[in-house]
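Dear colleague,

Please find the structure below, handed over for your records. My findings follow directly after it.

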Amino acid sequence: MKSTRATLKMTVAALAVMTAGAQAADVEVLHWWTSGGEAAALNVLKQDLEGQSIGWQDMPVAGGGGEQAMTVLRARVTSGNAPTAVQMLGFDITDWADQGALADLNSVAEQEGWDAVVPDALKAFSKHDGKWVAAAVNVHSTNWVWANKSVLEANGIEVPQTWEDFTAALAKLKEAGITPIAHGGQPWQDATVFDAVAMSTGGPDFYKKAFIDLDPETLGSETMVEAFKRMDVIRANVDENFSGRDWNLATAMVINGEAGFQMMGDWAKGEFLNADKTPGEDFLCFRFPGTQAQVTFNADQFAMFDQGGEVSAEQAALAKAILSPSFQSAFNVVKGSVPARTDVSDEAFDACGKQGMKDLAAAASSGNLFGSMAHGHSAPASVKNAMYDVITAHFNGEYDAETAAAELATAVELAQ
Ligand code: BGC
């Protein structure tokens, strides 16, 4: 009896040591990849780490665009319990780095030669005062349209090249009793559509002046009024249940042929692939009409929270894995995004992925690459949220187009 108890004690003690050991080699990852396509992509990362015997503590916070995840993150940091690694966008990385909360990844960056392969548009956020603070997983872009190919064919619709082509296509679908645009009425989704609509209405200089330079005159301009009028047209072409719908459910409407188009970032492609659909056969991807030469991008990066002292071995391993060329290819093929390094072959990518890589390179070299307003790459969160409020209030009929443009200028000014 005594010996049994002693053995039990020893086993418990051994287990405790083992568990502590396992925890030490775990990374806790806070992210908002909870849809089917996103989870499939996340698995590629999990498996990569498992292959290196690094355990994965999952901390998913549902909510497209990551607003909810950022709220949870603030609560965790405030209570002194920051996760090891956090999915983050653009100016959120800068904000946390400003507060000195992020670990220094320079040793990994140097060893892996990140400086030579990560493009400047991403480095603007991955680096802070010469210090690498985040590892980019991908580059997404928001000015895409996703279409059900057979719905378009059955209604004699070609890929629209201009806003006028697009509105004509919407009218045909409406006439045929099909929901023209699948949309989820959530502020970040309204804003995602607005990225493309504003770019298409006013062109790249207008987009830059309004969303990046935050120029009050441009924000309240006639062109902005016109952009909001186009949002009215979009609003008139969504179904009556759009309010609050998650983005992936809107994608499912296009997948199932209930709707013709969805205007959404290329994470939508992950949903089509997850439903075994093939680009060019089942669905089409094209740039929002009038933005064919532009790319409004956002990049998911993983920032490592400073755990006190040096970056931990697990954090370093995660960062290294994320930016390895083979992972960049394997992950982005599934996620719908394109690699965050300039030296990854497009061989494994489907037609939309190949186009995404080509568009990104062309936009970067012709000065047509801009940070997405909706996804935290054009201005800090306070300004982004102020814009969300106005765009959503207008989309829901609280403001007409003139009032919305005036409110946008005021809201942005107050938020700075
Ligand atoms: C992220 C994507 C994600 C999407 C929807 C975007 O902000 O960059 O990775 O799939 O939100 O959740």
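Two cavities of 30 Å³ or more are present in the structure. A cavity here is a set of points, on a 1 Å grid over the protein atoms alone, where a 1.4 Å probe fits but cannot get out, and its lining residues have an atom within 4 Å of a point. Grid points are joined across faces, edges and corners, and a volume is the space filled by probe spheres set on the points.

This is a predicted model, in which local features need pLDDT of at least 70 and side-chain atom pairs count only at pLDDT 80 or more, while totals for chains, interfaces and linings use all residues. Residues are numbered from 1 along each chain as its sequence is written, and side-chain values use heavy atoms, with hydrogens and water left out.

The largest cavity has a volume of about 100 Å³. It is lined by 15 residues, of which Trp32, Glu38, Gly65, Trp267 and His375 are the closest to its centre. By class, the lining comprises six nonpolar, six polar and three charged residues (Ala, Val, Leu, Ile, Met, Phe, Trp, Tyr, Cys and Pro count as nonpolar, Asp, Glu, Lys and Arg as charged, and the others, Gly among them, as polar). At least three lining residues come from each of domain 1 (4–138 + 299–352) and domain 2 (141–296 + 361–415), with bounds taken from an automatic or database domain assignment.

The ligand takes up the space of this largest cavity (a molecule sits in a cavity if more than half of its atoms lie within 2 Å of its grid points). Around the ligand are 14 residues, the closest being Glu38, Asn298, Asp300, Lys335 and His375; a residue counts as near if one of its heavy atoms lies within 4 Å.

The protein covers 100% of the 310 Å² of accessible area that the ligand has on its own, by the Shrake-Rupley method with a 1.4 Å probe.

The second largest cavity has a volume of about 50 Å³. Its lining includes Val139, His140, Trp144, Asp266 and Arg287.

Yours sincerely

Technical notes: On a 1 Å grid over the protein atoms alone, a cavity is a set of points where a 1.4 Å probe fits but cannot get out, and a pocket is an open set with protein on both sides within 12 Å along at least five of seven lines; lining residues have an atom within 4 Å of a point.
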